[in-house]
Amino acid sequence: MLKKRLFYVFFALNIIATFVLLGFVVLTKIVPTLYVTLLLILFMIVPVLLLILQKVLKHHKQRSKVRVIGIILLIIGIIIDMVLIYYVYITNRTIGEVTSANTQSEVIQVYVAKDDPAESINDCLSREYKFGILKVGDREVVNELINKIESNSTVKMDIVEYPSIIDLVSAMKSLKIDSFILSDAYMEALSSMEGYAKYNESVKAIYSTSVESEIKVVKKNETKKEIEESDYDYLPEYFSVYISGIDSYGPVTTKSRSDVNIIATINLKSHNILLVSTPRDYYVPFEIFDGAKDKLTHAGVYGIDTSMDVLGDLYDIELNYYMRVNFTGFTSIIDKLGGVDVVSDARFSAGGYTFVEGSNHLNGAQALAFSRERYSFADGDRARGRHQMAVIKAVIQGLASTNLLSNYSSVMSELSGTFQTNMTQDEIGEIVKDQISTQKGWNVVTYSVDGSGTTAMSAAMGVNAYMMVPYDDTVEYAKELMTRVKDGYVLDQSSVEDNAPKH
């Protein structure tokens with residue numbers, strides 16, 4: 001009697017666990033309905049057969065042994081259900097975290113000279129300091145900070161606006177202002193300018209606050225219409241994604257210069273992906289500066305949405321989606337995957353490592369050094385862009401391999417801190433479901449636009465700096481390739497390279 005009761009208890013637990021598992025699978029929104037149905041049948045067939053067997057052998061002398069075997073099988077089934085529930089939960093949580101991070105963060109600080117006697121914001125207010133701020137940029141954030149400071153004081157801040165960072169710090173040097181308010185992202189950009197590498201040592205922060213702001217990406221009406229007319233529930237048949245590669249050790253949401261700027265044009269029907277890399281020093285117009293030009297990487301200081309606007313104007317395309325990648329965070333993922341195989345187009349050394357032409361098996365630290373190097377190559381940033389794309393491909397291949405299974409939960413946890421995207425969980429689910437249903441491979445082709453080096457005025461910095469003036473024919477060629485992918489043509493890497501403009 002006890003065995004019979006135990007059998008029915010574990011049978012009920014098995015059924016409950018199976019339906020909980022199916023609930024989690026449905027919530028991920030990445031498994032096609034057909035596969036959900038097959039999973040239900042697969043996980044229900046054993047307990048149902050065991051139940052039938054119990055009824056058939058009700059008076060059989062071996063029914064006791066059969067019950068014991070049935071209980072063992074049901075317990076094994078429950079264990080399998082619980083393990084799968086855990087992995088599906090981790091997957092669902094990670095996708096949710098990656099897609100819900102629609103904010104960007106930055107640290108805003110109030111600076112005074114290193115030898116200034118002021119040690120707090122109240123000291124500055126009591127001495128009636130003049131505060132400099134940038135005319136263009138995060139005015140909402142800065143105004144919020146000013147209001148916060150003034151709300152705790154009876155003194156109104158004396159604010160002076162400046163058009164560029166260099167104008168701001170020059171005013172500080174010439175004592176036209178006593179203090180300035182600036183984001184860490186701007187200070188990082190300033191440190192890269194010639195003559196200002198150690199400027200941060202000449203000032204000190206006496207007030208600091210961390211601010212989060214929403215990433216404002218407006219999805220165009222044309223693309224919404226395409227979505228409505230598409231066979232896909234959430235995504236159009238083709239779309240473009242801006243991949244921003246930042247090289248910082250902070251959170252992926254931190255505002256920062258974008259070292260790698262890749263536009264991925266994806267056609268879900270033809271399974272064709274075109275990756276176009278734009279050098280970080282590309283000299284392009286900024287709408288926020290009324291068309292004045294600056295290097296592309298400086299757009300990231302104003303937010304990923306500004307980078308998208310600049311690139312959208314350059315290539316005359318609509319960029320409705322972004323994916324922000326922290327390459328520094330890749331190191332732990334790569335180590336947990338047991339390393340990745342990255343193909344290099346040349347032999348070079350960087351970061352204390354030597355990379356051979358062809359395939360290289362790299363750990364996390366090696367992959368980071370590989371993806372960072374640009375000084376060993378005549379084409380500098382273009383080479384770094386190629387290497388970053390090679391690392392991205394290798395990580396994707398690693399995530400799709402059996403190596404992932406040995407450390408699945410920790411890898412998925414790392415992913416949530418390494419990626420940020422405004423694609424919804426439903427939209428990602430459509431891509432994954434399409435992949436599972438079709439089982440088609442992806443044809444990935446890459447291209448990098450080119451330009452010539454020069455010295456020109458930086459709209460953001462207010463001083464001459466190294467820039468790369470675009471070769472217009474390479475930009476037009478990239479636009480042509482994007483159009484071909486959208487039209488369903490399957491590109492060939494060798495053909496793309498053979499027909500590319502030569503300089």
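Asp281 touches Lys295, Leu296, Arg374, Asp381, Tyr466, Met467 and Met468, leaving out residues up to four places away in sequence; a contact here means heavy atoms within 4.5 Å. The model is predicted, so local features need pLDDT of at least 70 and side-chain atom pairs count only at pLDDT 80 or more, while totals for chains, interfaces and linings use all residues. Residues are numbered from 1 along each chain as its sequence is written, and side-chain values use heavy atoms, without hydrogens and water.

## Exercise 1

Describe the setting of Asp281: its place in the chain, its burial and its polar contact.

Solution. 

1. Locate the residue. Asp281 lies in the loop between strand 8 and strand 9 (283-285). Strands (E, at least two residues) and helices (H or I, at least four) are DSSP runs, numbered from the N terminus.
2. Classify the accessibility. The relative accessible area of Asp281 is 3%, so the residue is buried. The classes are buried under 20%, exposed over 50% and partly exposed in between, with a 1.4 Å probe and protein chains only.
3. Identify the polar partner. The side chains of Asp281 and Lys295 make a polar contact at 3.2 Å. Such a contact is a pair of N or O atoms within 3.5 Å; within protein, one must be able to donate a hydrogen and the other to accept it, and residues adjacent in sequence count only if both atoms are side-chain atoms.

## Exercise 2

Determine the strand order of the five-stranded sheet, and state which strands stand at the edges.

Solution. 

1. Read off the order. The sheet is open, with the order 3-2-4-1-5 and mixed pairing. Two strands pair if DSSP finds at least two bridges between them.
2. Find the edges. Strand 3 (158-162) and strand 5 (203-214) each have a single partner strand, so one side of each lacks a neighbour in the sheet.
3. From one strand to the next, the twist averages 25°. Axes are lines fitted to C-alpha atoms, for helices over the stretch in contact, and angles between N-to-C directions run from 0 to 180 degrees.
4. Examine the partners of strand 1. Strand 1 (residues 103-113) and strand 4 (residues 179-183) run antiparallel and are joined by five bridges; Val112 stands opposite Ser179 in strand 4.
5. Helix 5 (residues 139-151) touches strands 1, 2 (130-134), 3, 4 and 5, and its direction makes about 120° with that of strand 5. Helix 6 (residues 165-173) touches strands 1, 2, 3 and 4, at about 150° to the direction of strand 4.
6. Complete strand 1. Its antiparallel pairing with strand 5 extends over 11 bridges, and Gln109 stands opposite Ser208 in strand 5. Eight of the 11 residues of strand 1 are buried, so this strand is largely enclosed by the rest of the structure.

## Exercise 3

Solution. 

1. Inspect one pair. Strand 8 (residues 272-278) is parallel to strand 17 over six bridges; the bridge partner of Leu274 in strand 17 is Val445.

## Exercise 4

Identify the residues with the most contacts inside the largest nonpolar core, and characterise the surroundings of Ala460.

Solution. 

1. Inspect the core. It has 63 residues, and those with the most contacts inside it are Phe180, Leu182, Leu190, Tyr199 and Tyr315. A nonpolar core is a set of buried Ala, Val, Leu, Ile, Met, Phe, Trp, Tyr and Cys residues joined through side-chain atoms within 4.5 Å.
2. Follow one member. Beyond four places in sequence, Leu190 touches Ile165, Ile166, Val169, Tyr196, Tyr199 and Met461.
3. Turn to Ala460. This residue is found in the loop between strand 18 (451-457) and strand 19 (464-470) and is buried, with a relative accessible area of 4%.
4. List its surroundings. Leaving aside neighbours within four places in sequence, Ala460 is in contact with Ser164, Ile165, Phe289, Asp294, His298 and Tyr302. Ala460 and Pro163 are 297 residues apart in sequence and 7.8 Å apart in space, C-alpha to C-alpha.
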